[in-house]
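Below are some notes for a colleague who is meeting this structure for the first time. Please keep the model open while reading the numbered points.

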Amino acid sequence: MITKKMAKALNVQLNHEFYSAYLYLSMSAYCSKKDFNGAASWFLLQYQEELAHATRIYNYIIEQGAIVSLEQVNKPEKKFGSLLETYQKSLSHEQTMTCMLNDLSNKALNEKDHATYNLLQWFVNEQVEEEAILHEIISKIKLVKNDGYGLLMIDNELAKRTSAKSGALA
Ligand code: FEO
């Protein structure tokens with residue numbers, strides 16, 4: 001059982017996960033438009049991963065007998081400037097998500113709600129991985145600057161990612 005306060009906070013996080021999915025779908029569309037098909041595919045998998053995150057929270061709220069409250073999802077931007085800026089915005093978004101998850105973990109601890117705390121630790125660990133991958137991709141893009149061949153190589157590498165579970169470029 002979880003408190004109403006915790007259920008409310010988890011519903012807010014659920015909405016943020018859906019927003020994350022929406023944002024990555026928009027980034028995928030932007031990359032497709034720019035013919036970065038590898039990055040488009042990478043962000044499409046990221047979109048699926050965020051949907052899986054949302055589903056994990058959704059299932060937990062149901063399991064705890066609390067009420068799922070689906071709210072309107074904010075509209076994401078659709079122009080991201082460049083491949084580098086797209087990944088930089090992705091990293092900045094993930095850093096915001098990390099802060100939210102840390103705050104949520106603190107709430108769970110304050111309530112001595114260890115079940116929710118455990119659920120959140122899975123997300124906190126996931127954030128470490130997500131941020132590390134984004135840092136790596138950003139470093140590579142910075143390395144090649146605007147060199148077309150270099151960007152093509154990176155795009156080809158991004159195309160190798162096959163799973164919605166992040167963990168590597170591929
Ligand atoms: Fe669900 Fe990328 O955080």
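1. A salt bridge is taken here as a side-chain nitrogen of Lys or Arg within 4 Å of a carboxyl oxygen of Asp or Glu, and by this rule the count comes to four salt bridges. The model is a predicted one, in which local features need pLDDT of at least 70 and side-chain atom pairs count only at pLDDT 80 or more, while totals for chains, interfaces and linings use all residues. Residues are numbered from 1 along each chain as its sequence is written, and side-chain values use heavy atoms, with hydrogens and water left out.

2. One of the salt bridges joins the side chains of lysine 140 and glutamate 157, at 3.0 Å from N to O. Because lysine 140 lies in helix 4 and glutamate 157 in helix 5, this pair ties together parts that are 17 residues apart in sequence; helices here are DSSP runs (H or I, at least four residues), numbered from the N terminus. Lysine 140 also meets glutamate 136 in a salt bridge of 3.4 Å, N to O, and these two residues both lie in helix 4 (residues 114–144), four residues apart, or about one turn of the helix.

3. Glutamate 136 is partly exposed at 37%, lysine 140 is partly exposed at 27%, and glutamate 157 is partly exposed at 28%.

4. A further salt bridge, between the side chains of glutamate 49 and arginine 161, has an N to O distance of 3.1 Å. Since glutamate 49 lies in helix 2 and arginine 161 in the segment after helix 5, the pair ties together parts that are 112 residues apart in sequence. Glutamate 49 counts as buried at 4% relative accessibility, and arginine 161 counts as buried at 2%.

5. The structure holds six aromatic pairs, where rings of Phe, Tyr and Trp (its six-membered ring) pair if their centres lie within 6.5 Å, and planes under 30 degrees apart count as stacked, over 60 as edge-to-face and the rest as tilted. Tryptophan 42 and phenylalanine 43 have ring centres 5.1 Å apart and planes at 85°, so the pair is edge-to-face. Tryptophan 42 is buried at 1% relative accessibility, and phenylalanine 43 is buried at 0%. Ring pairs link Tyr24, Trp42, Phe43 and Tyr87 into a cluster.

6. On the surface, Lys33, Lys34, Lys75, Lys78 and Lys79 gather in a patch of positive charge. Patches are made of residues with over 30% relative accessible area and no salt bridge, with like charges joined within 9 Å and nonpolar side chains (Val, Leu, Ile, Met, Phe, Trp, Tyr) within 5 Å. Lysine 78, found in the loop between helix 2 (37–63) and helix 3 (83–110), counts as exposed at 63% relative accessibility.

7. Tyr22, Leu25 and Leu44 make a nonpolar surface patch of about 240 Å², with accessible areas coming from the Shrake-Rupley method. Leucine 44 is found in helix 2 and counts as partly exposed at 36% relative accessibility.

Technical notes: Accessible areas come from the Shrake-Rupley method with a 1.4 Å probe; for residues, only the protein chains shown count as cover. Lys and Arg count as positive and Asp and Glu as negative; His and the chain ends are not counted. The place of a charge is taken as NZ of Lys, CZ of Arg, CG of Asp or CD of Glu. Buried means under 20% relative accessible area, exposed over 50%, partly exposed in between (1.4 Å probe, protein chains only).
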